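This report is written for a reader who is new to the structure. Please look over the sequence and the model before reading on.

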Amino acid sequence: MKDLNQQNITIPEGRVEARDKVTGKGKYAAEYAVDKMCYAVLVGSTVPSGKIKNIDLSKAKQVKSVLGFVSHLEKPAVPGFATEALMKESRFGLPVFHTDTIYFKGQPVVLVMAETLEDATYAASLVEVQYEKTKFNVDFDSTYAQIPLHEAGKERGNLESWQDAPHVVEAEYEIKTEVHHPMEMHATIAAWTGTDHLKLYDKTQGVNNVQQVIAPLFNLKKEQVEVMSEFVGGGFGSGLRVWPHVLATVMAAKQVGRPVKLMLTRPQMFIGTGYRPASWQKIKLGADDQGKFMGIHHQARNETSLYERFSDQITRITRLIYDFEHLKTEDALVPLNINAATWMRGPGDCTGDFAVECAIDELSYKLNMDPVAIRAKNIAVTHHPDSKLPWSSNYLVDCMNLGAQRIGWKKRNPQPNSMQDGDWHIGYGMSVGMWNAGRNKTSAAIKMKKDGSLIIQTAMTDIGTGTGTGMKNIAHEITGIPKNKITIELGHSNLPPAPSQGGSTGMSSVSGAVVEAVRLLKEKLLAYAAKQDQRFKGVQEDVLVLSETGLSLKNDTTATIPLDTLWKQNNLDELVVEATSGPGEERKKYAFCSSAAHFCQVRVNVKTGKVMVTKMVCVADGGKIVNEKAAANQMSGAAVGGIGMALMEERLLDTRIGGAIADDLAGYHFPVNADAPIIDVSFIGKADPNINPTGAKGLGEVGIIGTAAAIANAIYNATGKRLRSLPITPDKIL
Ligand code: MOS
């Protein structure tokens, strides 16, 4: 936060949910106590491929408080899975408990319900399942080359025209599987009232999404499925899907006729809630003598499951940042005996960007050009290279220039292996990232109480990003009502509908709804005020000044109406407005992006292979920054995630047994405080004029897109070793 002070930005108050989160008052999904609730524990397949031959529950049934089981042999009806066609239509993914086929090791095969978690856990350990084993494959590295590539997006120009470019980099890149691992593990409590109302306490990034997925499976209207996710302990994309355990819990509650709680264990989080798929990429990049890019050929493959094909769209980023006249992008999916992959922070772009930004760094060395200068020469600053629409705003070059200044880029020695401190070799690297800045239709309601306080509501969840805090800041800014009189309510499907929080669209989407709701509130207040005082008649909403005590007019300070009078005269208790706001015509006229530049300094120990990231600078353009502190937190968190991606994170599968090993947080390494420097975050901070009424473009993804490349490039500068396979563990350095 020191650096924020240097920029003369006042440090704002903490998050609206902070106190509740750290004092235990805020409840996460698994923490609710529901009357008559029992516990469920999943039993996973012990083989990675085959058929279930027999399930023996006899021993499990002897555990004293066992209440029942769910499996493909005994289960309540799920109408939405009644036929193969319906199952496909549901797009649910794994047909949990509706098949005897085993697609991956750990696949849920039985769910055990008991009065206590201990009994359910013990009984689960006594379930005996026999399988007919079949051949399996979990080995991405030895399989991908067999899968043919397909065009991913339209070719620009043509590949042949630049094949004799004077400067060419051609290289392959690999990234291992990464798992989201939010601190809060996924959990669901399902409670049926009769057959027509279901209440779910669920860890999710989108309560309306859960509603929309679960309701049709039970022939219910979405209003009949109530979903709560008021506090969320991180998501990173793992909460954007409705996973098998959620449906399993709903089925269990039906089966035993009681509310059921299921919380995944940490090992189950390795195989139950998605991951960033392992990938292979190849880049061929050509440039002329002046460093102008002539063309790029980007090929990529990612692993996926056998029951669901997930494309991470790795080559998308190549079509976004630079003005390649000639571009060819191809990709392919590599199906394996593993669970389904999903979006993980900066999905796709994060992976693709690593390859492209490393290749550009390599090219800059071939040309003896500054990595910042070669990028500045080639960034598509005026328009989106595919759609050719003008950018509504794009400050990526400014991000680079400010970042270079903040890290002292000019003072470094670009010569590889030239800066040393004993066994520690020092290096600097940089890269850039970009993200399509989206916006989705979102609703928000405002309740104004007699004391002038506001309650602002939306179904959107806040997964730790500061959505609630941002909403409060916006409402305060445009109403003038003090922040301590504004309350935010989030994460409940009974509140005005909202999209899932993901893809850096949360603030961009909900801020428009808050602005529109405030306008409606003012419109309503003006209508009442005009009945009392003619001067309020025909007045525009933005001329109305609100305070906690009354209404007044900007251009006529003598016109005031105390709130008391307004409520009394009109016999009101509260005022309620609800507004919906979403993207419109502006999307046909402009392209929208958020972007960031990442710079870092590393120290590499050439004897032990240890890499320390000692400085990290992120400069982002996310349009208007609604809450500096929450925004900077997002960027720091993402950068630390990027350090994990670059140096540590890797889901290990044993190719002989076909399953995860080291599947806990001791075996899966990610950065702790000692592994990350204080991240130096700055923002361009200029509102986008078209994206939405606030000009906020969204930030979550760009904090990580580019971090890994910056680190790999710094390691090259430190050691002269070009490492193209993530994570860069000490063995690769030596
Ligand atoms: Mo994210 S992958 O936008 O939750």
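The sections below go from the whole chain to single residues.

## Basis of the model

This is a predicted model, in which local features need pLDDT of at least 70 and side-chain atom pairs count only at pLDDT 80 or more, while totals for chains, interfaces and linings use all residues. Residue numbers start from 1 along each chain as its sequence is written.

## The chain as a whole

The protein chain has 18 helices and 30 strands. These elements are DSSP runs numbered from the N terminus: helices are H or I with at least four residues, and strands are E with at least two. Along the principal axes, the C-alpha atoms fill a box of roughly 80 × 70 × 50 Å. The radius of gyration of the protein chain is 27 Å, which agrees with the value near 27 Å for a compact globule of 734 residues. That radius is taken over C-alpha atoms, and the globule rule is 2.2 Å times the number of residues to the power 0.38.

Of the 734 residues, 54% count as buried. A residue is buried if 20 or more other C-beta atoms lie within 10 Å of its own, exposed if 12 or fewer, and partly exposed in between, with C-beta atoms placed from the backbone. Among contacts with a separation of 6 or more, 81% are between residues 24 or more positions apart; a contact means that the two C-beta atoms, placed from the backbone, lie within 7 Å.

## The nonpolar core

The largest nonpolar core holds 223 residues, of which Val112, Met113, Ile711 and Ile715 touch the most other members. Helix H16 (residues 628-647) gives the most to this core, with 11 residues. Such a core is a set of buried Ala, Val, Leu, Ile, Met, Phe, Trp, Tyr and Cys residues joined through C-beta atoms within 7 Å.

Leaving aside neighbours within four places in sequence, Val112 is in contact with residues including Ala40, Val66, Phe69 and Val127.

Because 11 of its 13 residues are buried, H7 is largely enclosed by the rest of the structure. Gly257 follows H7 and has a positive phi, near 65°.

In helix H10 (residues 371-378), the buried residues include Pro371, Val372, Ile374 and Arg375. Seen down the axis of H10, its buried residues fall within an arc of 165°, so they line one face of the helix. The arc is that of the directions from the helix axis to the C-beta atoms. These buried residues pack against helix H9 (349-367), helix H11 (396-407) and strand E17 (424-436).

## Loops and backbone details

Asn368 is in the loop between H9 and H10. Its phi is positive, near 55°, although Asn368 is not glycine, and with 8 C-beta neighbours inside 10 Å it counts as exposed. Thr382 lies in the loop between H10 and H11. Thr382 is exposed, with 10 other C-beta atoms within 10 Å, and touches Pro390 and Trp391, not counting residues up to four places away in sequence.

A cis peptide bond, with omega about 0°, joins Leu726 and Pro727. Pro727 is in the loop between strand E30 (725-726) and helix H18 (730-733).
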